[in-house]
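Work through the two exercises below. Try each task before you read its solution.

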Amino acid sequence: MRTGSEIVEHEPGDLTCIVEGGILLSALQGALAEHGQRLSLDPPGDPTLAACLIDDLSGPLRHRFGTMRDLVLGVTVLLPDGTRANSGGKVVKNVAGYDLGKLFCGSQGRLGSVERLALRLHPLPAAARTIVTRADWQALHHSQLVPSAVDIADGLIHVLFEGSQRAVDAQAGALDGEEADPWAELRALQASLPGRIRWNGEPAPLVRPGPRVACVAEAHEPVWSPLAERVREAMCNRS
């Protein structure tokens, strides 16, 4: 079944929107940018929003804003037996029923298809700077700095600061290193590394130390739990 690709509703004052699952991430970001907002999700490529959820996609901004499961307020899904189910709401404080958004995150289509998503948005930052440094991660982690993204690759730490110009300049100035714009290359590196494991300090081609995720060439982190499998079987066996 083909999923729609429209923005159903956008409430700039509430920093929320409702979109159909087939809309491309780039199309949504372009529309939101006109209102000075964004979905704080930046995976490699240009996936649909449904793919972002069921494949648990994320990029460098995962460090501060989390994954798709942290940005979804509600979903409308089509189950294998043809039932259409709704969960959550369209404002941050709404919590009702089972959290299907989190259950579907990483399900890879096993539970059904995602038709609509209600999303939490963030304002576009007024300024952004990236510092590439050889500083110790533990020292950076325990500092007062608040980066939006931190990626470790080739022994270098890439640190993105976002916010007001004054705050960004103050934080960037507190870190020794060179200014750069490496994020397109780092997302391309992530796309070339299909594996994902929990990072415990061992060397890896690409590391996101805040959420403790390492992108590697082989192993995948488990995304399918026994509970989710039981839910899938129950859905398929419904009469």
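The model is predicted: local features need pLDDT of at least 70, side-chain atom pairs count only at pLDDT 80 or more, and totals for chains, interfaces and linings use all residues. Residues are numbered from 1 along each chain as its sequence is written, and side-chain values use heavy atoms, without hydrogens and water.

**Exercise 1. Find the strand order of the open sheet of 5 strands.**

Step 1. Know the terms. Helices (H or I, at least four residues) and strands (E, at least two) are DSSP runs, numbered from the N terminus. Two strands pair if DSSP finds at least two bridges between them.

Step 2. Start with β1 and β2. They run antiparallel, joined by 4 bridges. E11 stands opposite T16 in β2.

Step 3. Move on to β6 (residues 113-120). Strand β2 (residues 16-20) pairs with β6 over 5 bridges, in the antiparallel sense. V19 has L117 in β6 as its bridge partner.

Step 4. L78 stands opposite S113 in β6.

The edge strands, β1 (7-11) and β5 (84-88), each pair on one side only.

**Exercise 2. Which residues of helix α8 (residues 183-191) are buried, and which are exposed on the other side?**

Step 1. Set the cut-offs. Buried means under 20% relative accessible area, and exposed over 50% (1.4 Å probe, protein chains only).

Step 2. List the buried residues: W183, L186 and Q190. They cover an arc of only 60° around the axis, so they lie on the same side of α8. The arc is taken from the directions from the helix axis to the C-beta atoms.

Step 3. Turn to the other side of α8. A184, E185 and A191 are exposed there.
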